[in-house]
Amino acid sequence: MRLFTVDAFTDTAFKGNPAAVCLLDSPVTDRWMQSVAAEMNLSETAYLLGDSLRWFTPVVEVTLCGHATLATAHVLYSTGAASGRLEFTTASGTLTVNRGSDGMITMDFPAKEVTPSTVPAGLEKALGATPVLVGKSHLDLLVELESEESVRSLTPDISALAAVDARGVIVTARGTETDFVSRFFAPNVGIPEDPVTGSAHCVLSPYWSSRLGRPSLVGAQLSDRGGLVHVTHDGDRVHLAGRAVTVLSGTLNV
């Protein structure tokens, strides 16, 4: 089976978020997919069989992943295996993908609205910062801080964040050079800090679109690797767009 490593939401190798992409030629077991994901030890490994797409962290399967979907589409486009509009059948429904003439890949994902929440016990201490606002989405906790610098300089207690009852914690603020910035911590699914998180932008897009009064925005994720996500909020959908770079391709021999 063909196996790739792709850096997503970047046009520069060794930036953005790396994902493994495995093009399956026959069905495999969940245990096998989890074992390969642990072997790859990236935040996500994507498995594509026909039009069925699944995603695994090193420890669990997840129901939605943006950067590994972008990586999968990039592999199909760059190898000539597909062109035009793609449709993936996933645990989050049918996800469509298109590549523009400029090479930008756009994904149509479900929007995830935020509802206000009280500050969970221990959150401020775990983050080492005082939230301006805390909200909950379907999967994650969203925490707004007062400035881009406060997001950039965070040094959270990852073990303490694992006590938060959520898939992950999205920390965000208004940006200085982009519309907004964010970081994403998900120790509960084996990812202390994710470099660039497409699914988190399904929350960030409607949140900041409402705050800033514009549907189309650009977000920067301030991890060490960093990356840009172009977002457009469209009702109950979010269009996530970015670029990707293949850094490894080979054959999986098991």
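Reader: Where does Phe 14 lie?

Author: Phe 14 sits in the loop between strand S1 (2-8) and strand S2 (17-23). Helices (H or I, at least four residues) and strands (E, at least two) are DSSP runs, numbered from the N terminus. This is a predicted model, in which local features need pLDDT of at least 70 and side-chain atom pairs count only at pLDDT 80 or more, while totals for chains, interfaces and linings use all residues. Residues are numbered from 1 along each chain as its sequence is written, and side-chain values use heavy atoms, with hydrogens and water left out.

Reader: Is Phe 14 buried or exposed?

Author: Buried means under 20% relative accessible area, exposed over 50%, and partly exposed in between (1.4 Å probe, protein chains only). Phe 14 counts as exposed because its relative accessibility is 64%.

Reader: Which residues make a nonpolar surface patch with Phe 14?

Author: Patches are made of residues with over 30% relative accessible area and no salt bridge; like charges are joined within 9 Å, and nonpolar side chains (Val, Leu, Ile, Met, Phe, Trp, Tyr) within 5 Å. Accessible areas come from the Shrake-Rupley method with a 1.4 Å probe, and for residues only the protein chains shown count as cover. Here Phe 14, Val 247 and Leu 248 make a nonpolar patch of about 300 Å².

Reader: Which residues have the most contacts inside the largest nonpolar core?

Author: The general idea is that in soluble globular proteins, nonpolar side chains tend to be buried together. A nonpolar core is a set of buried Ala, Val, Leu, Ile, Met, Phe, Trp, Tyr and Cys residues joined through side-chain atoms within 4.5 Å. The largest has 50 residues, and Trp 55, Val 97 and Leu 240 have the most contacts inside it. Another core, of 20 residues, lies apart from it; among its members are Ala 129, Val 134, Val 143 and Leu 161.

Reader: How many disulfides are there?

Author: A disulfide is a pair of cysteine sulfur atoms within 2.5 Å. The count is 0 disulfides. For Cys 22, the nearest cysteine sulfur is that of Cys 65, 15 Å away. For Cys 65, the nearest is that of Cys 202, at 10 Å. Cys 22 counts as buried because its relative accessibility is 0%, and Cys 65 counts as buried at 3%.

Reader: Which residues of H1 are buried, and what do they pack against?

Author: In H1, the buried residues are Trp 32, Met 33, Gln 34, Val 36 and Ala 37. They pack against S2, strand S3 (44-49), strand S4 (52-56) and strand S5 (61-62). Take Gln 34, which is placed in helix H1 (residues 30-40). Gln 34 counts as buried because its relative accessibility is 18%. Contact means heavy atoms within 4.5 Å. Leaving aside neighbours within four places in sequence, Gln 34 is in contact with Phe 56, Thr 57, Pro 58, Val 59, Val 60 and Glu 61. After H1 comes Asn 41, with a positive phi near 55°.

Reader: How many salt bridges does a search of the whole structure find?

Author: Side chains of opposite charge can pair when their charged atoms come close. A salt bridge is a side-chain nitrogen of Lys or Arg within 4 Å of a carboxyl oxygen of Asp or Glu. The search finds 11 salt bridges. One of the pairs is Asp 140 with Arg 167, whose closest N and O atoms are 2.7 Å apart. This pair links distant parts of the chain, 27 residues apart: Asp 140 is in the loop between strand S10 (133-136) and strand S11 (141-144), and Arg 167 is in the loop between helix H5 (158-161) and strand S12 (169-174). Asp 140 is buried because its relative accessible area is 4%, and Arg 167 counts as buried at 15%.

Reader: Where do Arg 152 and Glu 149 lie?

Author: Both lie in helix H4 (residues 148-152), 3 residues apart, about one turn of the helix. Arg 152 and Glu 149 form a salt bridge, with their closest N and O atoms 3.9 Å apart. Arg 152 counts as partly exposed at 41% relative accessibility, and Glu 149 is partly exposed at 48%.

Reader: Which residues are linked in a network of salt bridges?

Author: Asp 30, Arg 54 and Glu 61 are linked in such a network.
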